[in-house]
Amino acid sequence: MLDENIKNQLLTIINPERYLDQPEALACYAYDAFVEESLPDAVIFPKTTNEVSGILKIASQFKVPVTARGAGTSVCGAPIPVKHGIIVCFSKMDTILDVNTRDRYIIVQPGVVNADIQKALAPFGFFYPPDPGSMNTATIGGNIAQNAGGPRCLKYGVTVDYVLGLEVVLASGKIIRFGSKNVKDVTGYKLTSLFCGSEGTLGIVTEAILKVRPLPETTKTLMVMFDDLDNTARAVTDIIGSGILPAAMELMDQMTLTAIEDAANLGLDKTAQGSLLIELDGVEEACEKEMKQIIEKVKENGATHIQEANSESQRQNIWTARRAAYGIFAKLAPDIMSEDVTVPVSKVPAMIRKIVAIAHKYRLKVGVLAHAGDGNMHPMIPTNKADRDEWHRVKKAFDEIFEAAAQLDGTLSGEHGIGLAKSKYLPLVMNQDTIDFMKIIKKAVDPDNILNPGKFA
Amino acid sequence: MTPKVPPNCGKCGLCLNVCPVYKQMKEEQASPRARMQLIRAHKNQTIASSPYLKEIMSKCLMCGSCTANCPSGIDHYSAFMKMREQMAEDHGEPAAVKSLIYLLARDYRTRWGSTLARTGQKLLPKKIAESYKLGNIALKNMPRLNAVPFRNTCEEIILPDTQKPDRQKPDTPKTDTKWQNIQRQGSDKETGTVAYFTGCATNYIYDDVGLATVGILKRMGYKIIIPKNQTCCSIPLLFHGAKKQAQKNIETNIEALKGLKVDAILVDCSTCGEALKHIYPSFFNKNDPASHHAIAIAQKIGDVLSFIDDHFDRLTFNASPKEKPVVTYHAPCHSKNSFQSHTTIENLIKKLPFVIYKKTCDTEECCGGGGTFFYEFPKVSKEMTDKKINNAKAIHATQWLTDCPVCRMNLSGNLKKEDNLIIKHPLSLIYSALKPL
Ligand SMILES: Cc1cc2nc3c(=O)[nH]c(=O)nc-3n(C[C@H](O)[C@H](O)[C@H](O)COP(=O)(O)OP(=O)(O)OC[C@H]3O[C@@H](n4cnc5c(N)ncnc54)[C@H](O)[C@@H]3O)c2cc1C
Ligand code: SF4
Ligand code: SF4
């Protein structure tokens, strides 16, 4: 619990109904979807930028750590308050402030859930492209802080490509605004990029201007099966290499397919060794043409079965099952370890072979699921932390998976972020001077290290 | 691959935005994920039992949305019930909830209680009745209790309608025209036999639903068995941690329903349905004979509305009025999550030739009633209910159909006269439009 004096000061600016510090409540803010936990001392639900600013002024005066939280769906421990202190939870600061499809932007508070943005835009025939699997729960604040991506980001780009402007409260409590309602804007440093993916370590986002796009005229969805995983991966490389740009291209291996089929009964062929879920969108004629090209390419790579979703509900079912894959995997064992190493798309087949070989070496099961079109892999290893020996092998396997990705010009994370999970691997992909440069930035904006301390090493 | 251990909550958070309480409160501790984590922490003794922990566990509608949407296959229901039992043991229940359990525990007590309550409703000075509230619901807006419990008004076996009035006398006063009307309807052929589990709500509060059910089924040519010894399905008891009392009721009901030679055992309330179909079969040890009976019974359980939908062509309706009323539907959580009958019911309503069906933007959202939730947590409940009411008003519906007695009580209790909306069970609407033979 916080010092009585600090608590009293906070309560002068925050309605006590929005301040929690009972042990039962604190226990509910100690986790996200990652395996570790750490308790905060207090949880506050701000509703305005001024309240956030007030909280940070008090926190910086007393040097109390402050960790922002959206919906707690991070899978890398980003919102876990490892150094305790205050959780500033944005779930109640969730108003959509402006929908302007003429100028193609939407202005939202950080607690707005991604799916609610889609709902607000749909009647106007618009959408917000980043679509993380957690979109029905995760907040925009969390999406920005993790620079979230999703299946259709292959074609459309990730969160950073859609943030036009931000209002941010700094550690000192000062409120800054940068960017604008304009797609083109070169006034100073591109600070929106700096804040995307900063995991709440540089400042707290209190408002965002996001770019939106008109909904495509048509969408076509294909499920393709292969009897060989390597062929599946090569088909991906071939399609992307030939210049076609599907909206999404998801790869699933046999273990993933089986798990999804068992849970959702979609009629997927469980004997297939690999499969691709491909989605095209845009103008009808263009989709038709690309569809033909894709079918050619997958056939060249030995596709055994090709099926087009014949209704919107069938398409929705496939995607719902795909989004639930992580949870479905969680059924298989007490703990599930999932990573998101990413490699250039031409290296996808090599990376998948590596993952399979490493899991085999350490006698582990592995499911390979990937946003394959952009080289973003999600190897998932079901395990049991209580089994000391196995847990040790899992850790070893992930060490090697990260090394392999780095050797293939890849990177540690395509979308999940670093958080607690991956900070020790940073040296694999950046030199010490680069890491130091990030530290200089952090020190400059948050000299007392009160914003989400303990992340990024 | 089969899991070697009971599934673990992976903390993915996918259940947050399907939980009506989380959506309203927007606080993690109000979410299914948090409840699962707290149960684990309590088991590991990192969180002690406390009245606040009990409050967190009770601030849940037991609506089943989390279970229906959890990709990891977590059985929240069983976990919550066990924890509620523990919490009730540690900290007791509020007096009002306690007396509810006491009443529902044995049917004769319910009978006795409802007589008392009815007298209370009558005797209470008007002024007090107007200002006294149960949760958000003013006492004057609470439903009146049935003059005589529904099951006392009918024979245990009711023959299908024939052209001539039959002899099943109800032991109700001669003046009860409702029954005389039912007796007069007829259908030529006997189509089959069904059993009817009436539930407490129909028996003590909403006999219009019972009358409609019997009236429609008779018309469809079914012989109806209403086993006399049935009692409360025991869901309210289980939700409040009164497992021992619940077991007695479950045994009584199994005894009353086992071995019946019927095509189906029908319920008019999906919560009773959930109990009979999903909870009874796993309540007893596998080797217990009660378990076998429960499984056999569960296979026959269905809801009346889906049953009617299956045999819709057996019904003929009065000529439609010139100006058809606009009706809408509220899908009760249990119809949606455990009984999955809500789409069938909605489609059935759409098929009715004498109304115009309009959907609200939140047909599937919870109304905030949830057993005793509206009573225990009036503030959150009220916010949820008001949202629903405003959305139903927005489409200018005049009749609001719902197939759960608690939703009905909660919604109608919160409606104001000027809202110009009446709440009905879909069965009553269908029954009122049947063409006399
Ligand atoms: C089943 C599942 C599927 C997923 N699929 C994807 C996917 O496809 N793509 C993807 O990219 N991610 C995915 N994720 C990861 C996660 O959902 C995203 O990282 C998401 O953006 C987190 O949002 P949140 O609101 O839950 O944030 P939280 O988890 O609460 O917080 C994440 C980080 O954001 C910071 N933060 C939150 N709000 C603010 C704010 N207002 N200002 C500053 N910092 C803030 C926190 O401090 C923390 O560091 C998935 C997770 C799950 C469980
Ligand atoms: S209960 Fe299920 S849906 Fe909810 S967080 Fe746990 S695993 Fe996810
Ligand atoms: S049963 Fe309903 S109210 Fe309770 S936790 Fe699950 S979704 Fe929420």
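Reply: Let's start with who touches whom: 41 residues of chain A are in contact with 31 residues of chain B, where contact means heavy atoms within 4.5 Å. This is a predicted model, in which local features need pLDDT of at least 70 and side-chain atom pairs count only at pLDDT 80 or more, while totals for chains, interfaces and linings use all residues. Residues are numbered from 1 along each chain as its sequence is written, chains are lettered from A and ligands numbered from 1 in the order in which they are written, and side-chain values use heavy atoms, with hydrogens and water left out.

The size of an interface is often given as the accessible area lost when the parts come together. Here about 2,800 Å² is buried between chain A and chain B, and carbon and sulfur atoms give 56% of that area. (Buried area is the accessible area, taken with a 1.4 Å probe, that two parts lose on being put together, summed over both.) On the chain A side, Glu24(A), Tyr31(A) and Lys331(A) supply 21% of what chain A buries against chain B, more than any other three residues.

Now for the charged partners. Between chain A and chain B the count is 5 salt bridges, each being a side-chain nitrogen of Lys or Arg within 4 Å of a carboxyl oxygen of Asp or Glu. One of them links the side chains of Glu37(A) and Arg40(B), at 2.8 Å from N to O. Another salt bridge brings together Glu28(B) and Arg69(A), at 3.4 Å from N to O. Glu28(B) sits in the loop between helix 1 and helix 2 of chain B and Arg69(A) in strand 3 (residues 66-69) of chain A, so this pair joins two chains. (Helices, H or I of at least four residues, and strands, E of at least two, are DSSP runs numbered from the N terminus.)

Which elements give two or more residues to the side of chain A that touches chain B? They are helix 2 (23-26), helix 9 (254-264) and helix 12 (325-330) of chain A. Helix 12 of chain A gives the largest share, 4 residues. By class, this side of chain A has 20 nonpolar, 9 polar and 12 charged residues. (Ala, Val, Leu, Ile, Met, Phe, Trp, Tyr, Cys and Pro count as nonpolar, Asp, Glu, Lys and Arg as charged, and the others, Gly among them, as polar.)
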